[in-house]
Amino acid sequence: MASRSCFSVACAVAVMAFAILATASNAQPLDPHFYDKLCPAALPAIRKVVEEAVAVEPRMGASLLRLHFHDCFVNGCDGSILLDDTPFFTGEKNAAPNVNSVRGFDVIDRIKDAVNAACRGNLVSCADVVAVAARDSVVALGGPSYDVLLGRRDARGASQGAANNSIPAPTFDLDRLVSNFASHGLTVQDLVVLSGGHTLGFSRCTNFRDRLYKETATLDASLAAQLRGPCPLAGGDDNLAPLDPTPARFDGGYYGSLLRSRGLLHSDQQLFAGGLGPTDALVRFYGANPEAFRRDFREAMVRMGGLSPLTGSSGEIRANCRKVNY
């Protein structure tokens, strides 16, 4: 297992992180009021479809939140994850972190249709739809609201290679997680807070099988016994287990699980090492202070949503989120 003394890693990449944030700040600024005059019906239209989808399937809220995360971590929050493959184009949907995993594309399609109808035209980018849908999903499941910065435009391309390399894997040790987040201009605290998004949703057996059968020293025995049925040594790759005890409610249960060695994913449990790791104090703090978690989650989501957006005349506003305009 890689060393947990990773503050030196965070320090080593600090210059790179500040450079990323500085570059983003030089672009046309995003604005939470971007659509106030352009199309005041846009955000209510998004919220309505999200609420309907989450009411039918609460898991969809976690899926839409994750969709935003996976979009932003690959060349910025530009809607590139939504593009379908074509005979002449390879998108990100079939990248290793996304294939048979990332979902909610049909809900985004419904939102886009509803927004275009409400706005009487193609005025709202798919990248903004994804960002607002993530916020509204969190709220629908009991989480905090926050102002989504708006005015993104959509990428005209995507990169499966970048998706394979930029999205942190559930097998990452803490030093790789810290380095990955820093490469996006995000801090160690952002890592711990945004990982708290795993208070919602489920994970597939294939993502936690190695932890279940190879990390018995750091996995609660009663949880392991529960998981072996739906996640055998062979088969059942797509069987699901909740990421925390209340997967349809936004709360601090995720951190409580880590404190009891009940983190489902290797990457999650890496955040708490029984008092020995550099992120342990943050896990303890958020486990004991749910309101602080809600506050800091809001702020971290805004920071993540500001990663390398396309603005001004860059990119386009797609009429169909699955394909570029022609």
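Mentor: Start with a term: buried means under 20% relative accessible area, exposed means over 50%, and partly exposed lies in between, with a 1.4 Å probe and protein chains only. This is a predicted model, where local features need pLDDT of at least 70, side-chain atom pairs count only at pLDDT 80 or more, and totals for chains, interfaces and linings use all residues. Residues are numbered from 1 along each chain as its sequence is written, and side-chain values use heavy atoms, without hydrogens and water.

Trainee: Why does Thr199 count as buried?

Mentor: Its relative accessibility is 0%. The cut-off is under 20%, so Thr199 counts as buried.

Trainee: What makes Asp251 buried or exposed?

Mentor: Its value is 17%. That is under 20%, so Asp251 is buried.

Trainee: Why is His198 called partly exposed?

Mentor: Its relative accessible area is 26%.

Trainee: Which residues carry the UniProt feature "binding site" together with Thr199?

Mentor: The unreviewed entry places it at Thr199, Asp244 and Asp251. They span 53 residues in sequence, yet no two of their C-alpha atoms are more than 9.6 Å apart, so they gather at one spot. UniProt annotations may be inferred rather than shown by experiment.

Trainee: Which residues does Asp251 touch?

Mentor: Contact means heavy atoms within 4.5 Å. Leaving out residues up to four places away in sequence, Asp251 touches Thr199, Asp244, Thr246 and Phe293. With that same exclusion, Thr199 has contacts including Asp244 and Asp251.
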